[in-house]
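User: I would like to go through this model with you and ask, for several of the labels used, what each one rests on.

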Amino acid sequence: MAKFADSVADRAAASLLKRGRWRPAEILFWLVAFGAVYALPGHHLILNEIAIIGLFAVSLDLILGFAGIASLGHAAFFGVGAYAAGLLAIHVTADPVLGLVFATLLMAVVGYVSSFLVLRGADLTRLMVTLGVALVFGEIANKNGWLTGGADGLQGIFMAPVFGVFEFDLFGRTAFAYSLVVTFLLFVVARRIVASPFGLSLLAIRDNPLRARAIGIPVNARLSAIYAIAAAYAGAAGALLAQSAQFVSIDVLAFHRSADVLLMLVIGGTGYLYGGIVGAIVFKVLQEVISDWTPQYWTFWVGALLVVLVLVGRDRVGARVSQLWARLGRGTR
Amino acid sequence: MSAPALETRGLMKRFGGIVATNDVSFRLAQGERHALIGPNGAGKTTFVNLLTGVHAPSAGQIFLEGQEITNLSAERRVKRGLVRTFQINQLFGAMTPLETLGVAVSEVGGSGADWWRVAGSKARVLDDIAEIAARFGLADVLEARTATLPYGKQRLLEIAVAFACRPRVLLLDEPAAGVPEAERQELLATVCALPRDVSILLIEHDMDLVFSFAEKISVLVDGALLTQGTVAEISRDPRVRAVYLGESADG
Amino acid sequence: MLTILFDGIAYGMVLFVLACGLSVTLGLMNFVNLAHGAFAMAGGYTTAILMNRYGWSFIATLPMAFFVPALVGLLLERTLYRRLYGASHLDQVLFSIGLVFMAVAATDYFMGSQPQLIQIPEWLRGRVDIFGVQVGLYRSFIIAVCGVLVIALQLVLTQTRFGSRLRAAVDDPRVARGLGIPVEFVFAVTFAVGSGIAGLGGALGAEILGLDPTFPFKFMIYFLIVVTVGGTSSLIGPFLAALLLGIADVGGKYFVPELGAFVIYTVMIVVLVFRPKGLFARG
Amino acid sequence: MFRRTLLRTAVAAAGIVLAASGASAQETFKVGLILPMTGPFASTGKQIAAAANLYVQQKGAVVAGKRIEIVLKDDTGVADVTRRIAQDLIVNDKVSVIAGFGLTPLALATAPLATQAKTPMVVMSAATSIITERSPFIVRTAQTVPQIVTPFAEWTLKQGIKRMATLVSDYGPGHDVEKFYSDTFRAGGGTIENLRVPLANPDFAPFLQRIADMKPEAVLVFVPSGVGSQFIKQFVERGMDKSGIRLIATGDVTDDDILNPMGDVALGLVTAHHYSAAHDSPENKAFVAAFRAANGGMRPNFMAVSGYDGMHAIYEGLKKSNGQGGEALVNAMKGLSWMSPRGPVSIDAETRDIVQNVYIRRVARVDGELYNIEFETIPNVKDPAKGK
C-alpha cells in the first residue's frame with residue numbers, strides 16, 4: 001500500500017511539476033525574440049510596440065484566462081502606469097528602471113483598491129464596471145491638464161540611459177531590448193505564478209467559484225491579489241510605452257486600448273499566457289501589412305478576418321495550437 | 001464526550017415573509033453518522049446553506065466543536081473543519097482530479113497562496129493527494145480532465161475534494177444522487193469507510209441509504225425539526241410515515 | 001429647469017430606442033451583439049441617402065430606416081449570427097466587433113468619412129411654449145414616437161402569442177422545438193425587428209447625436225450602459241435606465257458642466273457595484 | 001547635463017542615418033505623410049492626403065533633381081502610434097520630411113523626433129500655437145488658433161458687442177480658442193463667460209440651455225468640424241437664433257467639407273477663418289476645380305489647402321536648397337512667400353508659422369450651394385501668441 005501511494009505521489013509530482021517546466025518550443029520562442037534584437041534591425045520600433053502590447057495582453061490573460069475576470073477597461077492601469085512613469089521622469093528622476101518599478105508598484109496598489117469593484121457580478125457587469133473605471137480615469141486625466149497635459153498629452157519626458165549605459169536610440173534598438181527584457185522577466189514570473197498553488201486556486205475559482213469557496217479558498221482575497229498583480233503588469237507595460245515614446249497622450253486610457261488588447265488576447269487564445277503575445281504579434285503585423293496596402297480601409301479586412309476566425313472556429317484553431325503545444329510538451333518527458 | 005461536533009441553537013431564517021428555517025436546535029455528536037431527512041421543500045438546502053455560511057441566519061447560533069461560528073465567512077468555516085459536498089456536482093471541469101485535490105490539500109495546509117513555487121514541490125501535499133486518491137479510487141484517473149470522467153468517478157471526486165479539506169464535520173448532500181447502480185456500491189462502500197474521527201451529517205432522500213448508513217436520524221418538515229431519534233425509532237414513528245407516505249413511491 | 005428635464009427625457013428616449021434591440025438580443029437571446037450600433041447607423045444612412053439624394057421627406061424615410069436594417073439584420077442572422085448562438089460570449093464579442101470594423105470601413109468607402117446631415121421638416125423645427133416650459137417640437141416628436149414604440153414592444157412581448165413563443169424559445173430551445181414552436185423563425189424575426197428598431201433609432205437620433213461612419217463605436221458604450229444598468233430581464237428596465245441616464249447626463253452637464261462625462265460613468269459604476277444585475281432586475 | 005549628452009549622441013546617430021540614406025536615396029526624396037485615415041478624424045486625413053497628392057500630380061514628381069515620393073501612413077489618431085510611425089519612416093523608409101499631423105498631441109509627440117533626427121516636419125493640421133516652439137525643424141502651413149481668434153475678437157468688439165459667451169470643446173485647441181479670444185475680448189473692455197463641452201458629446205441641449213440663461217449678446221463656438229453642424233442645428237431648433245443671441249464661430253464649424261448639407265440653418269452665420277473654397281482668386285478657382293475633378297466632386301476645405309501649401313513649401317524649399325534636406329531645407333522654407341489658394345501667405349522666418357490673411361465670412365447660397373463668403377479681410381496676420 002505504501003509503495004502504491006508513493007508511486008502515485010511520484011506521478012502526481014511529475015504531472016504537477018510539468019506545468020512549470022519549460023518546453024523546447026518556449027525556449028525557442030524566446031531565443032527567436034531575443035535574436036530579433038540583432039537580426040531584425042529595421043523592425044525594432046514595431047517590435048517594441050509588440051513587446052509592450054504583448055506584456056499588456058499577458059496582464060489581461062492573468063485575470064481573464066486564469067481567474068475568469070473579463071475586463072473592458074484594462075487600459076486604466078496601462079494608462080495610469082504610463083502617466084506615473086512619465087511624471088516621475090519629468091519631476092523626479094529620469095532613470096527608466098526606477099520609473100518602471102515605481103509605475104508597477106503604484107499600479108499594484110491601484111489595482112488592489114479597485115479590485116473590490118469587480119468582485120461581484122457576471123461577465124457583462126464586470127466588463128461594464130471595468131470600462132466605467134477606465135473612462136473615469138480618462139476623464140480625470142483630461143480634466144487635470146496641469147498635471148497630465150490634458151488632451152495635448154504629457155510632454156517633456158527625457159529618459160536617461162538604461163542602467164546609465166544604454167541610451168534610447170532613434171532606431172528603437174535599446175527601447176526594444178529593454179521592453180523585451182522586462183516583458184520576458186515579468187513573463188517568467190507570471191509563468192511561475194500560474195504554475196503555483198496560488199495559480200491553481202485561481203483556476204479553481206475561474207471554473208467554479210461556488211465550490212472554490214466551499215473548499216476553503218478565500219475567493220475574494222485571491223481575486224483581489226491577482227487583479228493587483230495584473231494591474232501591476234499593465235502598469236509596467238504602460239511605463240514601457242511612456243519611456244520608449246517619451247510622451248504620454250490621453251488615449252493611453254481610451255476605450256480602444258482596452259478593446260484592442262482584449263481582441264488580441266482572444267485571437268491568441270486565453271489561459272496559456274502565450275496567447276496575449278501571439279495575438280499581439282498577429283494583430284500588429286496584420287494591421288501593419290494591411291494598412292500599408294490600404295491606409296484608409298484596413299479596418300475592413302481586419303474585421304473580415306475576425307469574422308472568419310470566429311466562424312471557422314477559434315476553438316478549432318485554438319485546439320490545433322494546444323494539440324501542437326501538448327505534443328511539443330510530451331517531447332520533454 | 002466533550003462538546004458536540006456541530007450544534008445549532010434556535011436557528012431561524014426568513015426570506016421576506018417566508019420562514020425557511022424555523023427554530024432548529026440540532027446536535028451532531030463527535031464521530032456520529034447522522035442523517036437529515038425530509039420531504040422536498042422541507043428546508044434541507046436552506047439549513048445546509050446556513051451551516052456553511054452561504055446565508056446569514058435571521059436568528060440563532062451555530063457551534064462547531066463548542067466554538068461559535070455563526071458569523072464566520074464560508075471559507076473560515078471550511079478552515080475550522082466544516083466541509084460540505086453538493087447534491088449536483090460542483091467540480092472544476094477544466095482541471096484534473098490531481099489539480100483539484102492539490103488545490104484543496106494546499107489550501108487546508110496553509111500553502112494555497114504560495115505563488116513563488118511550482119505546485120507539486122511539497123512532499124506532504126503529494127502524499128496527502130496520493131492517500132486520498134487511493135481511498136476514493138481515483139488514482140487511475142488523476143490526470144484526466146474532470147469534465148470527461150464517468151459520472152460515478154465525478155461523484156467520488158465530489159466527496160474526495162471535501163475530504164481533502166480535512167473536515168471535522170462533513171455534510172454529505174445526497175452523495176449517491178444520479179449514480180448508476182453499477183457504480184453505486186463502490187460509492188457507498190467508500191462513504192461507509194470514512195474514518196471515525198470525522199462526524200458526518202448525511203442529507204438524503206434515499207431511505208435505503210439512510211437506514212444502512214445512519215445511526216441517528218433527524219426529520220425536517222416545513223423548516224422545523226419534527227423529530228430526532230435512532231433508525232429504529234424513526235422508522236416506527238407514525239408522523240414520519242405520514243409525511244413520507246406520498247413520497248415513498250418515487251424515493 | 002423643466003426644459004432640462006424634457007431634453008433629458010428626449011435624449012433618454014433616443015438612447016432607449018437605439019439600445020432596446022440590444023437588450024432583446026442580449027437579454028433574451030443571450031447574444032452579445034456589439035455590432036448593434038452598425039444597424040442603427042444603417043438606419044441613419046438610409047434616411048440620409050433617401051432624403052439627400054432622392055429628395056424623400058423625412059417622415060417617409062422612417063419606415064425604410066426600419067426595414068432596410070431589419071432586412072440586413074435578417075440576412076446576417078440567417079447566414080452568420082445563427083451559427084454563433086451557442087458560442088461563448090468572447091466569440092460573439094470578437095465576431096460582432098469584426099462586423100463593426102467592416103461596417104465602419106465600408107461606410108467610409110461608400111459614403112465618405114464626413115458626417116451626414118439631414119434636414120428635419122419645417123413643421124418639426126422650433127419650439128413651443130407649454131405651460132411656461134420651452135419645448136422643442138422635434139424632441140416632442142421623438143418622445144411621442146418612442147413612447148408608442150415602448151408600449152407596442154411591451155405589449156408584443158407580454159400579450160401576444162409571438163411574445164410567449166419567443167420567451168419559450170429562449171428558455172429552452174429544445175423543449176420549445178418539441179412543442180412545435182418554430183424556434184429558428186422566432187429568433188430570426190426577433191433579431192430582424194431588433195435591428196430594425198435600432199435603425200429607426202439611428203434615423204431619429206441622427207439629428208441629436210450626429211451620424212458618421214464611427215457611429216457604432218461612439219455609441220456602443222452608451223448602449224451597453226443602458227442595457228447593463230437596466231438589467232436584461234425585461235424591456236422596462238432598460239427603458240427606465242435610458243431615461244435615468246438621459247436625465248442624469250443632460251442635468252449633470254447643465255448644473256455641473258465641469259464634471260462633464262463623469263456623471264454618466266459614475267452612475268453606471270455605482271449602480272453595477274451595488275446591483276450587479278442591473279437596477280431594475282428582479283431578485 | 002546628461003540631457004545634453006543624450007541629445008548629442010542621438011543627433012550623431014541620426015546624422016549617420018541621414019548620411020547613409022543620402023547615398024542610397026540620391027534620386028528619390030520621400031515625404032512621409034502621417035495622417036489619421038481611420039477613426040473619428042478620418043476626414044482630416046482624407047482632405048490633406050488628397051491635396052498633397054494633387055500638388056505632386058500638378059507640379060510633377062521631380063523637383064531640384066529629386067523624385068518626390070509620398071509615403072502615406074495611417075496613425076489612427078493615436079499619439080504614440082504617430083510617433084512610432086514617424087520614427088519608422090525616418091530610420092527605415094529614409095524619408096527626408098515628415099508631414100501631416102492631424103491633431104495637436106500627435107504633432108507634440110513627434111516634435112522631439114524631428115529635432116533628434118534633424119528631419120523637417122511640416123504640420124498641416126494641428127493648430128495649437130506652441131507646436132512650432134517644440135522643435136526648430138517644424139514648419140507649419142496650418143493656421144494657429146490665436147491667429148484666427150485674436151483678430152476675430154477685435155472684430156467682434158468693433159461691432160459694438162460687449163457681453164459674450166464662448167462654448168468650446170474640452171481639449172487643447174478648444175482651450176486655446178477660449179483663452180486667446182477671451183483675453184483679447186476682455187482687454188478690449190468686454191465681459192465674457194466660458195463654457196466647455198466634452199469632446200465626445202452627443203447632445204448639446206444642456207449647454208445651449210446654459211447659454212440661453214446667460215443671455216449674452218453673442219456666443220462664439222469652437223467645436224471640431226463635423227460636430228459643429230449638430231450644434232448649429234440644435235441652436236436653431238431651440239429658436240435661439242431668434243432670441244437675440246448672435247452666433248459666431250471659427251471656420252471649423254462651417255467647414256467647406258460639410259457646409260452644404262447643413263442647409264438653411266447655417267445661412268447668415270458669421271465666421272472667421274483663413275480659407276474658404278469660395279475665396280475669389282484665380283489661384284483658388286484653379287485649385288478648387290482641380291481638387292474636385294480629382295476627388296469625385298469633393299469640395300476642398302481648409303485642411304486641404306494646408307496640405308497643398310505644405311507640399312508647396314517643401315517643393316519651393318527644395319528648389320532653394322538645391323535638393324538638400326535636413327536643416328538646409330528648413331532654412332530654405334523660412335521666409336518663403338507665395339500666392340496660395342487662400343490668398344497671399346509667407347512662412348515667418350522666426351516662428352516658422354504661416355503668415356496669412358484672416359477673413360470674416362458669412363454663409364450664403366451661391367449657385368444653389370452654401371459657401372462661406374468673405375466680406376472683410378484682416379491682412380497678414382502672424383501668430384499673435386508668439387513674439388509678444
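Predicted model: local features only at pLDDT ≥ 70, side-chain atom pairs only at ≥ 80, totals over all residues.

User: How do you know that the length of helix H4 of chain B is close to the expected one?

Analyst: The helix covers residues 123-135 of chain B, 13 residues in total, and the expected span at 1.5 Å a residue is 18 Å. From its first C-alpha to its last, H4(B) reaches 18 Å, close to that expectation. After the helix comes Gly137(B), with a positive phi near 65°.

User: What makes Ile129(B) count as buried?

Analyst: A residue is called buried if 20 or more other C-beta atoms lie within 10 Å of its own.

User: Which residues touch the most other members of the largest nonpolar core?

Analyst: Within that core of 427 residues, they are Ile226(A), Ile129(B), Ala160(B), Val14(C) and Val226(C). Helix H11 of chain A, residues 219-245, gives the most to this core, with 19 residues.

User: How many residues does each chain bring to the contact between chains A and B?

Analyst: Chain B supplies 43 residues and chain A supplies 31. On the side of chain B that touches chain A, H3(B) gives the most, with eight residues, and the residues of that side divide into 24 nonpolar, nine polar and ten charged.

Key: Residues numbered from 1 in each chain as written. Chains lettered and ligands numbered in written order. Helix = DSSP H or I, 4+ residues; strand = E, 2+ residues; numbered from the N terminus. Expected span 1.5 Å × (residues − 1). Core = buried A, V, L, I, M, F, W, Y, C linked by C-beta atoms within 7 Å. Buried ≥ 20, exposed ≤ 12 C-beta atoms within 10 Å, placed from the backbone. Contact = placed C-beta atoms within 7 Å. Nonpolar A, V, L, I, M, F, W, Y, C, P; charged D, E, K, R; others polar.
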